[in-house]
Amino acid sequence: METRAQNQSLAAEFDRRNMDWYMDKLVQVLVFMGGISAIVFIIGIFAFVTMEGAGFLFDGFSFREFFLSEYWEPSDEDDPEYGILALIAGTASVTGLAMVVAIPFSLGAAIFIGEFATGRTREFLKVLVELLAAIPSVVWGFIGLSIMNPLIIELFDVPVGLTVLNAGIILGLMAAPIMTSIAEDALKAVPDRYREAAEALGATRWEVIFKTVIPAAKNGLLGAVLLGVGRGFGETMAVLMATGHSVNIPGSLFDSVRALTATIAAELGETAVGSEHYQVLFTIGIFLFVITFIINLTADLIVRGVKNQ
Amino acid sequence: MSDKPVNTNTSEAPENGEHQFAIDTQNLDLWYGTFQALFDVNLKIRQGMITSMIGPSGCGKSTYLRSVNRINERLGYVRINGNINVFGNNIYDPAVELVQIRKEIGMVFQRPNPLPASIRDNVLFGHRIHNKHMKTNKAEEEEIVENALRTVLLWDKVKDNLNRKATQLSLEEQQKLCIARLLPVKPKILLMDEPCSALDPKGTAAVEELIWELRGEYTILIVTHNMAQARRASEECIFMLMGKVMEHTATEDLFVTPAKKETADYIEGRFG
């Protein structure tokens, strides 16, 4: 009996709820709330956007008109038309060109940083890439507007320089840093023994990279590209400033276009809250949300797949 | 430890002819940065034999092995003094191509490292690299794959799923595959860096048996932590200590009548 009493007092000794204990609990709760808030906010935003767009979405929404009409004429007094085909074409063409620009740049940079650069050079380049990723998009838009625009007019002898070409290049340069940094992570995740194996078999450095490292990292690299695409779809300011913002299905690189995101940004302030136009803009928002969500989710799943292997 | 390492020539090996030694190392010193890992190593490795290298961790046996195919240079901070002649050619001559060295000298690593591709592509990897300008047709490739896998006693197990990812095989099978992929390149020397240390006893026995089968056709230099393995699976044995070669002789002599006290102490397990 005595030992049991001793044990109990020992247990009580260990179970003391002092300052540290409360501190621990407090931090636990805070961290939990921090972690869950991201999810809550995302669901909240999606709910809000859906609610604002719901009026149009469930009443007067015609799949045919919305997705297949190229006429975006919201300010027509008598018969406004809300076709986003031209806007989708604008976003897609700019994003597509951006990827054509960004993929070689970012893969090249990632290979150089991950496989060739060593020591200081490597650290310096990594910091530089992060720094590039942090340039605000309005600055890129400014570059598109004030540098690329006259340059394109001059070089190609066209009347306007605010075109698919301009926005595509700007967006490509914007997306490249983040793609570089993810692609480099993917290359770094390739175990060194693969390189060693290939090298011991007589592969040159080039062959090691192209026949061993890149195939082994291909999922991660694909993930990097998809994140770049997601970035391109979602980018607003730079695209608004560099595309020329005219509703148009582009026939060449030198046509001006208008992007989905830019349309929302430019028009939302001018619509009456709750009006049909307002609701349509939110419906575009839902569409963008779904697209970027799918792209990012796919990218994430692909990158995760790499790590699980 | 100033006295010269003992090199007792085994009696049955031919004494004349240039090619009796596959690897002839002369006064090799090696530094990692400022740390000297090898001191004046002189080794003559006999052609067509299995030579094992033993010694406590950090004695330089892996370092020596990895300087024979110059894979050490990947590290970038390795400096070397002296010569390694492989069949009479100094591999540290500036005119020598790394690719050529690695065609002649294959390497098997401690942890099986098949590439994350199919079994077939793994076997053909080296072949494709060294025969870039020669088109090999499908049938020839299949034959190469089959021969290599047969030699390592893996063919019957994997012949029905050559497209399977090599990384899904068991460790023993992976290690056999790693040996198999060296063969189509037709190397003359195989370097093995503790090839069985990641394997269970059954796998170890299987791989040892395979290595034993390969002797004669290939000169095999094998680093091992496992003294029993050196004893049962090699013909000559090298004992290294602190970057120096202490003793190099026929395996049975080294284990039965070691010439040096350090060797005797090590093989009896008094240190290391």
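Two residues are in contact if their C-beta atoms, placed from the backbone, lie within 7 Å. The model is predicted, so local features need pLDDT of at least 70 and side-chain atom pairs count only at pLDDT 80 or more, while totals for chains, interfaces and linings use all residues. Residues are numbered from 1 along each chain as its sequence is written, and chains are lettered from A and ligands numbered from 1 in the order in which they are written.

Chain B gives 19 residues to the contact and chain A gives 15 residues. On the side of chain B that touches chain A, helix H2 (98–104) and helix H3 (119–130) each supply at least two residues; helices (H or I, at least four residues) are DSSP runs, numbered from the N terminus. H3(B) provides the largest share of that side, 4 residues. By type, that side of chain B has 10 nonpolar residues (Ala, Val, Leu, Ile, Met, Phe, Trp, Tyr, Cys and Pro), 5 charged (Asp, Glu, Lys and Arg) and 4 polar (the others, Gly among them).

## Helix H4 of chain B

Helix H4 of chain B covers residues 138–151, 14 residues in total. From first C-alpha to last it reaches 20 Å, close to the 20 Å expected at 1.5 Å a residue (1.5 Å times one less than the number of residues). After H4(B) comes B:Leu153, with a positive phi near 60°.

B:Val145, B:Ala148 and B:Leu149 of H4(B) are buried (20 or more other C-beta atoms within 10 Å of the residue's own, C-beta atoms being placed from the backbone). They lie on the same side of H4(B) because they cover an arc of only 95° around the axis, taken from the directions from the helix axis to the C-beta atoms. H3, helix H5 (155–158) and helix H6 (171–180) of chain B are among what covers these buried residues. On the other side of H4(B), B:Ala139 and B:Glu140 are exposed (12 or fewer such atoms).
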